[in-house]
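Dear colleague,

I am handing over the structure we spoke about, and below it you will find an account of what turned up in it. Please read the text with the structure open beside you.

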Amino acid sequence: MTQPNRITGGLIDRAQTLNFQFDGTSFQGHAGDTLASALLANGVRLMGRSFKYHRPRGPLTAGSEEPNALVELRSGGRREPNTRATTVELFDGLEARSQNRWPSLAFDVMGVNDLLSPFFAAGFYYKTFMWPKAFWEKFYEPMIRRAAGLGSLTGEPDPDSYDKGFLHCDLLIIGAGPSGLSAALTAGRAGARVILADEDFRPGGRLNAETFILGDEAGAHWAAMVTEELRSLPNVRLMTRTTVIGAFDHGIFGALERVSDHIAAPEAGKPRQILWRIYAKRSLLCAGATERSIAFQNNDRPGIMLASALRSYVNRWAALPGQSVAVFTNNDDGLRTATDLIAKGVRVAAVIDSRSDGPNVQGTELFRGASVVDAAGRQGIRAVTVRLADGTRRTIECDALGVSGGWNPNIHLTCHQRGRPRWDADLAAFVPSEPPVGMTVCGAANGVFSTSAALRSGAEMAVTVLSDLDLTGTIPDLPKAEDAATRISPLWHVPDGGGRAWLDQQNDVTVKDVKLAHQEGYRSVEHLKRYTTLGMATDQGKNSNLGGLAIMAELTGKTIAETGTTIYRPPYTPVPIAAFAGRSTGKEFRPTRLTPSHKWAAEQGAVFVEVGMWLRAQWFPKPGETHWRQSVDREVLATRKSVGICDVTTLGKIDVQGTDAAEFLNRIYANAFGKLAVGKVRYGLMLREDGMVMDDGTTARLAEDHFVTTTTTANAVGVYRHMEFCRQCLWPDLDVQIISTTEAWAQFSVAGPSARNLLRKIVDPEHNISNEAFPYMACGEITICGGLRARLFRISFSGELAYEIAVPTRYGDGLIRAMVAAGQEFDAVVYGTEALGVMRIEKGHAAGNELNGTTTALNLGMAGMISKKKDSIGSVLSEREGLNQPDALNLVGFRPLDRSATIVTGSHFMKSEDEANARNDQGYMTSVAYSPNLGHYVGLGLLKSGRSRIGEKLRAVNPLANSETEVEVVSAHFIDPEGERLRG
Amino acid sequence: MAEHRLKAVTALGGTEPRIDSFDVLTISENAEMALASLACRNGRQAEFLKQGKKLLGCDLPEAGAIAGKGVVKAIWIGPDQWFVEAPFETHEDIARHLAAAFSGTASVTEQTDAWVRFDIEGPATGSVFERLCALDVGRMASGSAARTAIEHLGCFVLCREAGIRYTVLGPRSGAASLHHALMTAARSVL
Amino acid sequence: MIINHPILGPRDAQEFVYLGDAGLIDRPDWQQENAVDAFYDYLYLRDNPAGEHRELWYHEQGDRSWLVVTRNTVTHEISKVELARDVARARGRGR
């Protein structure tokens, strides 16, 4: 197989031939090729269809700024749309397809949009599809989305993984062109910790694409030598295939490293890409510059590309975009394309220089003071029409055209902190003026365009920055290099002809669209951008923005400086969502916390539920149980009949110590703790400062100056943070120290009439746990199982005689096994969170559903707990009038009138005669469970003046669940209302 | 300690600590550390520091540091707050011991089983940590310590020997997730 | 953002939890006259400046210090970082 347009030379490895496919056709290229260069070498220049009008397009550029040559890569789950053929590294077996075309790239049915273009001008969405309103969502938008678009997603899961990572450096150098390399060499030799990042796979920047001589050798060779030295320095990290995508606050940068994009599939265990967060004390932006085009009629024909891109393909990749090439330029640099090609023996049909005073070019026909006014050839350029200096026209046959409208410094990262660039009229370009703190801009990115000056600029800026870092840098011996001045005479568009002249080729924005925006009053650059969508495509208008606003400046009679520019935001180039997600996908979205009895529970076949990050056993199905209710009912009944065990380790535990520990607790809990005796436990109600209930729990006094307080599982982190706030910010001189001990202890609830009997087989006999010696709300340090230190608390959430027993976590697995064995003679069960919930609802205990951030102590029936004799968080504002209305919500119980009926959480209460609406709302149901002890559903809810309405009949209405049940207001304490069991 | 009937399991749930070896890296679960927190009581600083010196054979470490002449070492964890580590076999009752030694000048809380400990050894540790946390682990000096987040888990990274030997302390309940994160990072790097 | 912790040096703001205006340190006296009004003002009435703002940050993934960070809400420039405990004491808070 031949590559008809492959010439000699270039930086490709001809020893490695790579097979690839484009739209089903097989081709060959070489290592070092991009997909675009390999296709051009094979004579393929039509690579895509445009976004809106489905115009045939070829590559405009040879880099990441590419607007046209967007292709789909790979297949199956790895299928990836919208990749730029100009940056895709060729590998053996690569499959690529063009997109936004049907049935084929050459014949695209939606090309009809191009004929309908008068209807699709700027602002067409707003005008054409205004009416009727309902048509927008159902008809117009889907239609437009189908017709205009990019590639499509695979829909299959991505089989690859994506990493994130963190890097630190003294100096981040962004871009490894002439200025970046000389800066890195300077800083690297000075011993600074340097990161040098470049989006290309080969460092060197334009040195790889130009025929420059540095000293006595080719520029690419100098770049390779410097690269080799940098790789040998341990303090320099050279990151190729790495795009710095954003400059964030205080020297933080985002960078995307494409680790495996250049191979068919990542190696086992290796990520496809890594999203790095780079912390840099200083940064040097050496991002170079991007060439811009000149707009003229049909300037989007395949084969028309930027002059620099054209010579990049020839010089770096030995791929000839055409057999007969023309060049259209308004500046000296554009002429390099002609001279480079002529030197390689390529036929250059003509050079069209818009200036009348441009330099001479040998070996081709040169037209000064001339412009290209049109291009012919729908699927690829065949000829250009040139308006000569004398006004006559000439047609020149060519199959490639290089266009140069000058260079735009790559200032994007200087704008990420809202820095506004400055217009430099001599360069005819915006240059950086307000880079982020810590960033210095070098070389072409700073408008320093000659190679010699760029090399110097990088080294000099590096020396300056090094001295900020207390390091001494020396400017290295820099090779002699070209030092041409920038000579340009701005030209943004050629006004001849009535057809469309393209500015933004990715979003299909033309010169006419800018004129229309002006005509309709959208004249500020921000309005221009949004009205025409200029620069709003994924390339962020790297080639096109300036042309658009220069034309607007002409129309309004202002200078470009007065007109101003829009600025750029991250990311510099598109970043896959997968890279932002990193490893946080599926089950790895967040860590999982396991309870000490997890292993045992899993052996029992427990069903688990996520509670925050915790995985808790929800219930333990037994053979023959086919519905979760069977398991839960059994666990509840067995616990109330004899004894049940439950892992309650997830509750937050905070150790509170110090001579002022009791006083501290007095202030963070609404109720008083000062008089709590050592060896006793007390329930605590914690308010927020606004008087709402924040959390609740139990606090055990282990010694005069030592308490262990518990929080709800969900609030453990927040309560701890709040306690630190109180300790450090409100009462800094209280002698109190706190630390979380949640994880240090495995804690189990043992509940039911046989709880004490079971524990007697566990607790060492020297500890008396009789009701007299260890009554309700007692606590103490004990030993179990022959000497293991443990803590015992006589507290109950279920309303039964109950204990919580805690051992160092490593023994938690042993303890659950020991207790299950000891419990056999009592028919003990182990119960999960579902049974726990049923029993607390039966007992009328408020929990998360009731402590929902909108309830007060009064709402929950605990107003009396707020001590008025002391200062505590929330006590003052809990007295506010609005929180103490006579019709305030009260927590009460509910049962269905028809005992076989179900009731639904979230139902709102309505009086029987009232219509069900918000005005008649009497409150809502917070918790519901089926009580196996009572044989019917029971509920807890917040009802206006609820406590005085016991016995009233209401409707519990839930329009979302489409349910309505007649309920009776009852006491919230369905089981043992006198509390005899827990004291027994 | 008394001989009791309960068997201990490691944080990863095994009867023996788990060890994973790569060519240039070893990740070992370590269940042989006793740990307690030590916080200075207000107004008792002089006696507290004196007792600290007696315990460690040197001054209590400054912010970000680890210190101790013998097997007992202190790790700074916050203002006026330290962890004290010692071998589990000989110091299972470390909290009781410290509370007695610092009688009234410190608040002491047992922390042994609040944490899972992984020791990470080998020349590739720096590259592995780059994928795990925002700390500049590559620049940590021997005998330094810092707390940070690893995959959403609040962890301590202790530098035992710069560039070679590190300890990660993570919440014990998250041991499996933390181990998975360490292994994934190691496989990704090595 | 990077917060230059007074004890630990520069740390990523991701390690911190934000609370809000540092005025939350100045909790009123519960026994003063019109205590409800004073607490109401304390809790709900705060400035929201476009510019320099003193705010409370908690080093949750670090040493658990509460900090008072003086930050320009427009530029994100951080001009001062103090331990909240020191600020509280300087503002007359003790026991």
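**Strands in chain B**

In this model, which is predicted, β2(B) pairs with strand β8 (residues 115-121) of chain B in the antiparallel sense, and four bridges hold the pairing. One pair to look for is E29(B), whose bridge partner in β8(B) is F118(B). Strand β1 (residues 19-22) of chain B is also antiparallel to β2(B), again over four bridges, and the two strands form a hairpin that has two residues between them. Within that pairing, S21(B) stands opposite T26(B) of β2(B).

**Chain A as a whole**

Chain A contains 22 helices and 50 strands, and its C-alpha atoms fill a box of roughly 115 × 70 × 55 Å along the principal axes. Of its 984 residues, 56% are buried.

As general background, nonpolar side chains tend to be buried together in soluble globular proteins. The largest nonpolar core has 249 residues, and the members that touch the most others are I173(A), L196(A), L284(A) and V750(A). If neighbours within four places in sequence are left aside, L196(A) is in contact with I173(A), among other residues that include A176(A), L230(A) and M239(A). There is also a second, separate core, made of 87 residues, and F27(A), L35(A), A350(A) and Y522(A) are among them.

**Two sheets in chain A**

An open sheet of five strands, with parallel pairing, runs in the order β17-β24-β18-β19-β20 (chain A). Its edge strands are β17 (304-306) and β20 (365-368) of chain A, each of which pairs on one side only, and the twist from one strand to the next averages 20 degrees. Strand β19 (residues 347-353) of chain A is joined to β20(A) by four bridges, the two running parallel, and V351(A) has L366(A) as its bridge partner in β20(A). Across β18 (324-329), β19 and β24 (400-404) of chain A lies helix α8 (residues 332-343), which runs at about 160 degrees to β18(A).

The other sheet is an open one of three strands in the order β31-β33-β32 (chain A), and its pairing is mixed. Because β31 (593-594) and β32 (607-611) of chain A stand at the edges with a single partner strand each, one side of each is left without a neighbour in the sheet. Five bridges join β32(A) to strand β33 (residues 614-619) of chain A in an antiparallel pairing, where E610(A) stands opposite L615(A) of β33(A).

**Where chain C touches chain A**

Finally, 23 residues of chain C are in contact with 22 residues of chain A. On the chain C side, α1 (35-44) and α2 (84-90) each supply at least two residues, and α1(C) gives the most, with five residues. Sorted by class, this side of chain C has 14 nonpolar, two polar and seven charged residues.

With best wishes

How values were computed:
Residues numbered from 1 in each chain as written. Chains lettered and ligands numbered in written order. Predicted model: local features only at pLDDT ≥ 70, side-chain atom pairs only at ≥ 80, totals over all residues. Pairing = 2+ DSSP bridges. Contact = placed C-beta atoms within 7 Å. Nonpolar A, V, L, I, M, F, W, Y, C, P; charged D, E, K, R; others polar. Buried ≥ 20, exposed ≤ 12 C-beta atoms within 10 Å, placed from the backbone. Core = buried A, V, L, I, M, F, W, Y, C linked by C-beta atoms within 7 Å. Axes fitted to C-alpha atoms, helices over the stretch in contact; angles between N-to-C directions.
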